[in-house]
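Take a walk through this protein with the model open beside you.

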Amino acid sequence: MNFDAFHFHEKITEAISYMGYQEATPIQEKTIPEIMKGHDIIGCAQTGTGKTAAYLLPILNKMAIVSPTGLNTLIIVPVRELAKQIDQQIEGFSYFMPVNSISIYGGGDGMDWEYEKKSLMGEANIVVATPGRLIAHINLGYVNFSNIQHVIFDEADKMLDMGFFFDIQKIVSFLPKERQTLMFSATMPPKIRSLAKHIMNHPKEVTIGLAKPAHGISQSVYYAFETQKPALLNLVIQERPQYDSILIFTSTKSKVNTIVRSIRRIEKSIDAVSSDLEQEAREASLQKFTARQTRILVATDVLSRGIDIKDINLVINYDCPHEAESYVHRIGRTARAATKGEAITLVSENDTRKFKAIERLIDATITTQPIPASLGEGPNPDELEKLQKKGSSQKGSPRNRKFRKPFHKPNTNDKKAQ
């Protein structure tokens, strides 16, 4: 469907043309008309399907028809990187309109706080905020939500995974009863439906099935003991000197620095992003990687969704993600816009079940690569799967202890983080 079919205000149509948008994606095609009618919406679609434009365009269209008064729209997101990205898209789509927006997130200085305060008192029309920072302002009593007409929860499942359920409920308690509420998410677990039941008014649900990984992604897996993974990771990188953009995902932030130290022995152009870093450090690392000033970036799943970094050559899953859907989000950072890319997953004795769940989800068997002989013999995937199926009740048996003898002893810090 062409965007002309939505009959947007000419200011929105001009901005869409200016930004190079032509055809609406499925999630946009199905949700935009319903949002324009004023319905509450639960939209479920994976990363990269155009969810942000799906809610921004109809809301900005309303603002183009009737100029907003004060704070009109509140967008809640899980992380600061996504808040900044959405704010940039608002600037693009509202380029020909007198609309003011701001992204609000933790880590700023006193001057940022004062600017945010004025915006929340009515000087901004659209606020994109992380829950914690917004609640810090709400607690001081000056936030003016009286003119709010639209509330959007973007990456709702991620927010709940991060423990923001009660924060969201508190924010909602300060909002006007009469409002349009939109909730967009990559997955739709029961807790999302539970939240929607309490904060939405007879929402219409739009679900776009989880797409398979792009055809341009070459996927492979190495089965390796946990103790073999650092050396294997270094070899994988050394074998690909032509790649100038490599993104490595790990499931625990405690492993990030360990991985960086290991790789730095062979490659100096490496950086990291995790929630442990200060805001400025995270932004600087991300900007350098995006600008190709850093070749390798190690990250937790904070970067797997909603962050648009183009032309990544290789995505490496140092650990299997906790949820199979996250695999699709992770490797979706490469082979974007009909380009080609490579995705490699390292599967240890701890991750066999998770990896099998990934293969079931994408309905494909991922090609297994043998680990280099220099690293010694790796685990047999079939025996690993059999071992995990025996269950925890046999962990103390002599046979099981014998089989586990060569396995790496889990790091207690990582275990806690998982």
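Find S220 and look across to strand 14. There, the bridge partner of S220 is T367. The model you are looking at is predicted. Strand 14 covers residues 367–369. Strand 8 and strand 14 pair in the parallel sense, over three bridges.

Strand 8 has another pairing to trace. Strand 13 spans residues 341–347, and strand 8 pairs with strand 13 over seven bridges. This pairing is also in the parallel sense. Pick out one link: S218 has E342 in strand 13 as its bridge partner.

Now ask how well covered strand 8 is. Strand 8 runs through residues 217–223 and is mostly covered. Six of its seven residues are buried. Keep a general rule in mind as you look along a strand. In a regular strand, side chains alternate between the two faces of the sheet.

Next, the cysteines. How many disulfides does a search of the whole structure find? The search finds zero. A disulfide is a covalent bond between the sulfur atoms of two cysteines. Look at C44: its relative accessible area is 7%, and under 20% counts as buried, so C44 is buried. C320 is buried too, with a relative accessible area of 1%.

Finish on the surface. Y18, M19, Y21 and Y95 form a nonpolar patch there. Together they have about 440 Å² of accessible area. Where does Y95 lie? Y95 lies in the loop between helix 4 (80–93) and strand 3 (101–104). Its relative accessible area is 53%; exposed means over 50%, so Y95 is exposed.

Conventions
Residues numbered from 1 in each chain as written. Predicted model: local features only at pLDDT ≥ 70, side-chain atom pairs only at ≥ 80, totals over all residues. Heavy atoms only, no water. Patch = residues over 30% accessible without salt bridge, like charges linked within 9 Å, V, L, I, M, F, W, Y side chains within 5 Å. Areas by Shrake-Rupley, 256 points an atom, 1.4 Å probe, with all protein chains shown as cover. Salt bridge = Lys/Arg side-chain N within 4 Å of Asp/Glu carboxyl O. Helix = DSSP H or I, 4+ residues; strand = E, 2+ residues; numbered from the N terminus. Buried < 20%, exposed > 50% of the residue type's maximum accessible area, 1.4 Å probe, protein only. Pairing = 2+ DSSP bridges. Disulfide = S-S within 2.5 Å.
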